[in-house]
Amino acid sequence: MGDSLLRRLPTLNRNFADFVQLVPQVSTSTGVGLSGGGVNIRQNAIQIDGAASGDLFGLGTTGQPGAQANSKSIPLDAVKEYQVLLSPFDVRQGNFGGPSHQCGDEDWNERVSRNDLRLYPHSKPHPLPSRISPTSKQQQYGFSLGGPILKDRLFFFVNPEWQKLNTPAIGSFIGSPDSVARAGDVTAFSDQLKVYGLTDPGSGARVLKQNPLTNVFGRVDAYLPGYTRLVLRHNYAAADNTNFSRSSSTSSSPLFGLTSNSYLFSSKTHSSVAEILTNLPSGVFNELLLNLTTIHDFRTVPVTFPQITVRGFNPVKGSPGSLAMVAGPRPLRRATRSISARSS
């Protein structure tokens, strides 16, 4: 898929995963990610100019680093073409069983000849049906800039992108038309928790989930003597995602969490690549590529306290005693998990 087609295809999130879904052999029917040739999504691979750039831990659904925080691998304007490979015969392609997503940067002479500065602010508000629900809003900003540092010898390119995304949490809240909990019960539950030491149990108010993203791609090309070119590039991706939800009024056993029953999942990825390319007059071609990727995933909780669940509350609608209220961080979320993974 070349750059001409990439510039014309629609994408809501400026993410290459939107384009991968167009490949006939790739299926999204599993509901948990992109499956190529019927293979488990954890056997997918992502490469940028031949360097591994996938989810090294394997808990996400897209194969991209930080997928649990809805992060993406690379800014869209930094890529000339995408390839989706299944069972390739090239000996340089390996370590995957499903599809391999290949991202290639633009030809540098073509990129530098434009010496362009492109800005693409994009804001997309999505009003919801309910009059008292907050508005879901997505904003995307970025630019790309490239040009020569030394004529015919040294060139640079940089492409940052930012996204701000606010979405209402799933489920009801106090004051909503489909609220499952009574305001008096929430207050009584909160007051009792304070007696046991939870100073800030939260409330039953509506929750607006935050999901900001940052991507920065930078590259320097140096043409050296001896038909040799040196490429240095760095790719940074960061994302934060609020995790919170409540049951709806249609649930037979509704669960109503206070705002302290949430956590923030964050991911930061640094990927550095050094590449030396030599093209001799005899037709001999040599490529040396060194890649260092560090992924840091961690969670932040609003309070340091065990999760408390109390059952037997009467919902606004439904069977008496079927409502459960929850406060405090979710299980396995109270401690910070830090993962550092490297590949070369």
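How many aromatic pairs does a search of the whole structure find? I ran through the rings and noted four aromatic pairs, where rings of Phe, Tyr and Trp (its six-membered ring) pair if their centres lie within 6.5 Å, with planes under 30 degrees apart counted as stacked, over 60 as edge-to-face and the rest as tilted. I looked up the pair of Phe155 and Tyr223, which is edge-to-face at 5.8 Å centre to centre and with 90° between the planes. This pair links distant parts of the chain, since Phe155 lies in strand E10 and Tyr223 in strand E12, 68 residues apart.

Before going on, I note that this is a predicted model, in which local features need pLDDT of at least 70 and side-chain atom pairs count only at pLDDT 80 or more, while totals for chains, interfaces and linings use all residues. Residues are numbered from 1 along each chain as its sequence is written, and side-chain values use heavy atoms, with hydrogens and water left out.

Next I checked accessibility, taking buried as under 20% relative accessible area, exposed as over 50% and partly exposed as in between (1.4 Å probe, protein chains only). Phe155 is buried, because its relative accessible area is 7%, whereas Tyr223 counts as partly exposed at 26%. For the protein, I recorded that buried residues make up 44% of the 344 residues.

I then listed the secondary structure, which comes to four helices and 19 strands; helices (H or I, at least four residues) and strands (E, at least two) are DSSP runs, numbered from the N terminus.

Ser176 counts as buried, because its relative accessibility is 9%, and its side chain reaches the backbone oxygen of Phe173 at 2.7 Å.

Past strand E12, I looked at Tyr227, which is found in the loop between strand E12 (213–224) and strand E13 (228–243). Is Tyr227 buried or exposed? Tyr227 is exposed, because its relative accessible area is 56%.

My last stop was Gly36 in strand E2 (residues 35–36), which is buried because its relative accessible area is 1%. I also noted that Gly36 and Pro24 are 12 residues apart in sequence and 9.0 Å apart in space, C-alpha to C-alpha.

Definitions and conventions: A polar contact is a pair of N or O atoms within 3.5 Å; within protein, one must be able to donate a hydrogen and the other to accept it, and residues adjacent in sequence count only if both atoms are side-chain atoms.
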